Amino acid sequence: MSKVIRREIPLLLVSFSAILMILDYFFPVPVLSSSAKLTNEWVVVIAGFSLCLGATDLIIVNTRRIMRKTPGSGYALLIIISFLLTLLLGLSSPMTKHPAFQWIYDYFYRPPAGTLYGMLALYLVSAGWRAFKIRTFESVIMLVCAWFLIMANAPIAAVVWEGFPSIGKWIMDVPSAAGWRAFYIGAAIGTLALGLKVILGLERGALGE
Amino acid sequence: MGAREVLRTLERLDSRYLFVLVFIVTAFPLVFPLGIPVKISAPVQKSYDAIEALAPNSVVLIGDEFSAPSWTELGPSYIAVLKHLIRKNIRLVFVSFFSAEAPAAFDTMIKPRVDFAKLKYGVDFVELGFVAGGEAALASFASDIQRTLKVDRYGASLSELGLTKDLRITHFSLVVELDPGAHLSEYLRQLQAPYGLRHISITYGVTAPAYTPYLLAGQLSGMLVAIRGGAEYELLIKEPGVAVSGVDGVSTSHVLFAICLVAGSFLSLVNRLLSKEGKGK
C-alpha cells in the first residue's frame, strides 16, 4: 500500500497532468482546455501553500539549531527574528507599504543585495587579469571574441573606431547566436526526451528515487 | 629585481590593486563626466518604435521580475520605458510570476521615480502583485485572468476595477518584461506562441547573447541591455537621467576590463616562454 501511495499514485498524477497539458496545447477541445485551466489554477494554489511550507521549514530548521546550540546558532536566532519582524511589518496595514517595512527593505536588504551584484565587476576584472590564460588556439579565439564584445559594449570604443560595434554585433549575431541556437535546440530535444521518460514513469528523480 | 621577476610579480598581482583600479576608473567619470556620445543600437530603437506605434489607451502587460540587485542594470531602462508608456497614455498592468520581491522593489525603487500621480489606479494602471507558481501560474493567468486572480495586490476585486473587469490576455498589445536573465522563454512559450503577443525584454548585459537568437528570429520586438540600453532609451525619449550619467563609467570600466584581459594573457604567455627558454639553457 505504501509503495502505491509513495510511488504509483504520484507517477500517475505526473503522467496524467503532463499528457493533459500537451493535449491542451495542441488540440483546442473545450473539455481539455477547461481541465488544463483547472490544473493550472491548482498549481497556483499549491505554489502559494509551498511558500508557507518553506517559511515554516525555515523556522523549524533554525529553531532546532538554536535548541541544539550548534556553532552559528546566533545567526539562526537572527534569521528567525528578522524573518518574523519583516513578515509582521509586511502584513501590517497598508500591506507591504508600511513605512517600517519599506525602511527595512531600503536600508537592510537593498544595500547588501546591490553590493553583492556590484562586486562581480571587481572579480571579473581580477579574473580577466589573473585567471584567463591563452594556451591553445581556441583560447586565442575566445580572447579575441571577448575583447571585441567588451569593446562593442563600451560607447567610448565607437568614438575611437567605428568598427568595434560592427565587429561586436557580427560576433553576437553570427557565431554566438549559432552557438546559442544549437544549445537551445539540444536542450529542447533533451527536455522532450526527459518529458517522455517522466510520462512513462521511467524518470523517478522527482520522487526522491 | 630583474625584468623576469617584474613580469612574474605583475602576473600574480594582488587582486586588491585591481579592485582599487576598478573603483577609481568607475568613480572618476561619475565625478568628472566625460560626455562620451552614445549611439542608439537597433534593438533599443526597435523597442522605442514598438511602443511609439501603440495607440493611446492600449493595454501593456509589465512582467515585473525586478529585484534589488537588478537596479544598476535594469532600473534605468525600466524607468525610461515606463515614462514613455505613460507619456503615450498607455494603460499598464503590473504582475510578477518569478520574483516575489518585485512589488516591494517597485514601491521603493521605481514608483517614486516615475510620475504615477497623474494616473488613476484601477483605470490607468493596476498592480496585481506576485503570483506563485512560475510558468504554470503564467499559463493560468494567460488562459483566464479573473479566475487565476480574484484580487489585486491591495485586496481590491479585479471585477470592480475598470481596467481588469473584462480583461483578457488578447487585450494586451505588448508585453514588457523585466528579465534578470532566466524567464524569457517561459513568457514567450505562454504568451507569444499561443496568443501572439509582442514582447520587449529589458535584461542584463550577460544575458544579451543568449537572447539574441530570439531577437534575430523576430520573437522579440526589442531588447534593452543593461545600463547602456537605459541610456539609449533615455536619449530617445529626450529625458537624460541616471543611465546617461552612468554610461561613462560603463565605458571606462569596460576598457579597463579589455586591457586587463589582454595584459593578463600577454604576461602569462611571456612568462611561460621565458621559463621554457630558461629550462632550455
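Which residues have the most contacts inside the largest nonpolar core? In this predicted model, that core has 98 residues, and those with the most contacts inside it are A:Met151, B:Val60, B:Tyr78, B:Val93 and B:Val131. Among the contributors, helix α11 of chain B, residues 242-280, gives the most to this core, with nine residues. On the chain A side, domain 2 (94-129) and domain 3 (132-209) both give residues to the core, so it lies between these two domains.

Let me stay for a moment with A:Met151, which, once its neighbours within four places in sequence are left aside, is in contact with A:Ala157, A:Phe164 and A:Gly168, and also with B:Ala258 in the other chain.

That brings me to the interface, where 52 residues of chain B are in contact with 50 residues of chain A. On the side of chain B that touches chain A, at least two residues each come from α2 (15-31), α4, α5 (102-110), α6 (134-143), α7 (145-148), α9 (208-216) and α11. Helix α11 of chain B gives the most to that side, with 17 residues, and, taken by class, the side has 32 nonpolar, 15 polar and five charged residues.

The buried residues are B:Ala136, B:Ala137, B:Leu138, B:Ala139, B:Ser140, B:Phe141, B:Ala142 and B:Ser143. What covers them includes α2 of chain A, residues 30-67, together with β2 (91-96), α7 and α8 (184-195) of chain B.

The other helix is α4 of chain B, residues 71-87, in which B:Pro76 has its place. Is B:Pro76 buried or exposed? It counts as buried because it has 28 C-beta neighbours inside 10 Å, where the cut-off is 20 or more. Leaving aside neighbours within four places in sequence, B:Pro76 is in contact with B:Ile227, B:Gly230, B:Glu234, B:Gly241, B:Val242 and B:Ala243. Along the chain, B:Pro76 and B:Gly229 are 153 residues apart, yet their C-alpha atoms are separated by 8.6 Å.

Finally, a word on confidence, since everything I have described rests on a prediction. The model scores ipTM 0.86 and pTM 0.90, while chain B averages a pLDDT of 93, with 99% of the residues scoring at least 70.

Notes: Residues numbered from 1 in each chain as written. Chains lettered and ligands numbered in written order. Predicted model: local features only at pLDDT ≥ 70, side-chain atom pairs only at ≥ 80, totals over all residues. Core = buried A, V, L, I, M, F, W, Y, C linked by C-beta atoms within 7 Å. Buried ≥ 20, exposed ≤ 12 C-beta atoms within 10 Å, placed from the backbone. Helix = DSSP H or I, 4+ residues; strand = E, 2+ residues; numbered from the N terminus. Domains from an automatic or database assignment. Contact = placed C-beta atoms within 7 Å. Nonpolar A, V, L, I, M, F, W, Y, C, P; charged D, E, K, R; others polar. pLDDT = per-residue confidence, 0-100.
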